[in-house]
Amino acid sequence: GGGIGSGVVISPDGLVLTNSHVVDGARELRLTDPEGRSMQARLLGEDPDTDLALLRAGAARNLPVATLGDSKGLRRGQLAVAIGNPLGFESTVTAGVISALGRSLRARSGRLIEDVVQTDAALNPGNSGGPLVSSRGEVIGINTAVIAGAQGICFAVASNTAQFVLSELLQHGRVRRAFIGVAAQTVAVPRRHARAAELGNAFGAMITSTEPKGPAAE
């Protein structure tokens, strides 16, 4: 029957960032702006590995836009404001702080999303894809996940990750990633091997298998 999510306009001609899980499987997409105008939208590309998607509004022009900030400059305790449509309540604003930085979160594809921002700003279903904003009005993250049953533990994909995914989707329609094609595990390096190789590491990566027809196998 359909669903609802949030998004953030990043260019006046109607480019909108949201979550991949918000648009996944949708046969039709519609955007509603803060003035209540509804318009068709099309999916330009998505990256399930970071739970981000890029839309193009069909009829919108000269929309107010948000600025993507630098998530590298964030600090714990910094004010964070989440904007979205939780449970369908339009244009809801909640505030909190940056609880932690550098978290990792597993995407639906199974890949770990790195450099995730943790916040205690209240998020609910429908906030997905909306912006996490700093006190300077800059988007510092794209709200993506809530841990069911927990209180005050919510996550956003960092704005620097979103900036990388955005540029890849605009240039190539998909996110290109390097691929080695190995499975590995962390193991202790035997002391005699470490001394023989003049290594200071107590642990190392042991390759356990290679992906058939992958770069490593070749």
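Me: Is Ser11 buried or exposed?
Reply: In this predicted model, Ser11 is placed in the loop between β1 and β2. Its relative accessible area is 11%, and the cut-off for a buried residue is under 20%. Because 11% falls under that cut-off, Ser11 is buried.

Me: With which side chain does the side chain of Ser11 make a polar contact?
Reply: Two partners of the Ser11 side chain may be considered. The side-chain partner, at 2.4 Å, is Asp13.

Me: Which element supplies the largest share of the largest nonpolar core?
Reply: This core has 20 residues, and Val8, Ile10, Leu17, Leu52, Leu54 and Ile142 touch the most other members. At least two residues each come from β2 (15-18), β5 (52-57), β9 (112-119), β11 (138-146), β12 (154-158) and α2 (159-172). The largest share is four residues, and the element that supplies it is α2.

Me: Which residues is Val8 in contact with, leaving aside its neighbours within four places in sequence?
Reply: Val8 is among the residues that touch the most other members of the largest nonpolar core. In soluble globular proteins, nonpolar side chains tend to be buried together. With the neighbours within four places in sequence left aside, the contacts of Val8 are Leu15, Val16, Leu17, Ala66, Gly129, Pro131, Val139 and Ile142.

Me: Which element gives the most to the lining of the largest pocket?
Reply: The largest pocket holds about 1300 Å³ of space. Its lining takes at least two residues from each of β1 (8-9), β2, α1 (20-23), β3 (29-32), β5, β7 (79-84) and β10 (131-133). The element that gives the most, with four residues, is β3.

Me: Which residues that line the largest pocket are the closest to its centre?
Reply: The lining comprises 42 residues. By class, 21 are nonpolar, 14 polar and seven charged. The closest to the centre are Gly5, Ser6, Gly7, Thr32 and Asn85.

Me: How many charged residues does the lining of the second largest pocket have?
Reply: The second largest pocket has a volume of about 160 Å³, and β9 and α2 each supply at least two residues of its lining. Among the lining residues are Asp49, Arg111, Glu114 and Arg177, and Asp, Glu, Lys and Arg count as charged. The lining also has four nonpolar and two polar residues. The number of charged residues is four.

Key:
Residues are numbered from 1 along each chain as its sequence is written. This is a predicted model: local features need pLDDT of at least 70, side-chain atom pairs count only at pLDDT 80 or more; totals for chains, interfaces and linings use all residues. Side-chain values use heavy atoms; hydrogens and water are left out. A nonpolar core is a set of buried Ala, Val, Leu, Ile, Met, Phe, Trp, Tyr and Cys residues joined through side-chain atoms within 4.5 Å. Buried means under 20% relative accessible area, exposed over 50%, partly exposed in between (1.4 Å probe, protein chains only). Contact means heavy atoms within 4.5 Å. On a 1 Å grid over the protein atoms alone, a cavity is a set of points where a 1.4 Å probe fits but cannot get out, and a pocket is an open set with protein on both sides within 12 Å along at least five of seven lines; lining residues have an atom within 4 Å of a point. Grid points are joined across faces, edges and corners, and a volume is the space filled by probe spheres set on the points. A polar contact is a pair of N or O atoms within 3.5 Å; within protein, one must be able to donate a hydrogen and the other to accept it, and residues adjacent in sequence count only if both atoms are side-chain atoms.
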